[in-house]
Amino acid sequence: MSRALATHNHMQTPVPDPAARQPGTQWLPAELDSARLPAHVALIMDGNGRWARGRGLPRVMGHRQGVEALKRTLRLCSDWGIGTLTAYAFSTENWNRPGEEVSFLMALFERVLERELQGLERERVRIRFLGDLSALPAGLQRLIADATARTAGNTGIRFNVCTNYGGRAELVGAARRLAEQVASGALDPAAIDERRFASELHTAGENDPDLLIRTSGEQRLSNFLLWQLAYAELHITDVLWPDFDEAALKTALLDYQSRQRRFGGIQPGSLSPD
Ligand code: IPE
Ligand code: IPE
Ligand code: MG
């Protein structure tokens with residue numbers, strides 16, 4: 001994050017000295033209401049391949065550019081006082097892509113993590129990786145373990161990177177672990193409620209996302225956070241992920257602030273006739 005984030009040019013305000021920057025809402029655009037921001041934003045970063053194809057470039061160049069969009073978005077969310085950002089980087093189905101693209105992505109994850117860790121530490125980001133990490137290359141697993149441990153005590157934005165993540169695999173894993181505990185006599189089936197179930201998910205300890213943003217216009221979940229997104233507000237934008245910028249994030253947050261969340265109830269005041 002260090003270099004690119006430090007030079008990221010806010011349109012509204014001059015970029016502060018990173019050492020003097022405090023996380024919080026002080027850089028929030030005036031149009032946004034700090035009291036009605038989503039506490040947790042989930043992100044399906046889609047459209048890298050189409051971004052590259054549109055420029056006559058190989059798909060992987062889209063992934064490289066996508067990293068810049070992620071750094072930009074993380075910095076903005078941190079500056080604007082959003083507590084948690086959870087981004088979909090690689091799905092359990094993405095292994096089905098050509099081997100060359102998968103290898104490029106794994107190498108890219110390693111390079112970026114290596115290069116950005118110091119910046120993440122400086123910005124007090126707490127990074128975690130959600131998914132079946134055991135299937136990732138050993139070098140990447142080591143970097144992930146190191147980054148997770150070194151930022152675990154940080155009090156800034158919580159940044160979750162879903163890597164080899166699949167919602168169905170996550171649910172099956174949770175069901176299996178609960179079944180094992182029941183079989184061993186450690187758990188009473190009657191004690192399995194939503195809270196207990198959620199505690200077996202990769203996202204244990206996180207609040208559910210309030211807002212899901214998906215780029216590139218696709219209107220599907222693609223196996224992302226199937227349990228956790230039950231009541232998230234959905235914002236789908238045609239912007240391709242590498243082009244996602246401050247204006248696009250602001251649009252998503254304004255859209256979120258225009259929603260009425262009901263969680264199955266009714267709008268307060270809607271019982272009275274006037
Ligand atoms: C999203 O962009 C990045 C990953 C899934 C890793 P895509 O690579 O899916 O880009 P499109 O959808 O083919 O344009
Ligand atoms: C979802 O995008 C996965 C990530 C963004 C990592 P995909 O491009 O893999 O999803 P589909 O195949 O279009 O549904
Ligand atoms: Mg895609």
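Q: What makes up the count of helices and strands in this chain?
A: The chain has eight helices and six strands. Read from the N terminus, the order is α-β-α-α-β-α-β-α-β-α-α-β-β-α.

Q: What kind of model is this, and how is it numbered and lettered?
A: It's a predicted model, where local features need pLDDT of at least 70, side-chain atom pairs count only at pLDDT 80 or more, and totals for chains, interfaces and linings use all residues. Residues are numbered from 1 along each chain as its sequence is written, chains are lettered from A and ligands numbered from 1 in the order in which they are written, and side-chain values use heavy atoms, leaving out hydrogens and water.

Q: Why are some residues called buried?
A: Because their relative accessible area is under 20% (1.4 Å probe, protein chains only). Of the 274 residues in the chain, 45% are buried.

Q: How do you know which residues are in contact?
A: Their heavy atoms lie within 4.5 Å. Among contacts with a separation of 6 or more, 77% join residues 24 or more positions apart.

Q: What makes a lining residue nonpolar, charged or polar?
A: Ala, Val, Leu, Ile, Met, Phe, Trp, Tyr, Cys and Pro count as nonpolar, Asp, Glu, Lys and Arg as charged, and the others, Gly among them, as polar. So the lining of the largest pocket sorts into 22 nonpolar, nine polar and eight charged residues.

How values were computed:
Helices (H or I, at least four residues) and strands (E, at least two) are DSSP runs, numbered from the N terminus. Buried means under 20% relative accessible area, exposed over 50%, partly exposed in between (1.4 Å probe, protein chains only).
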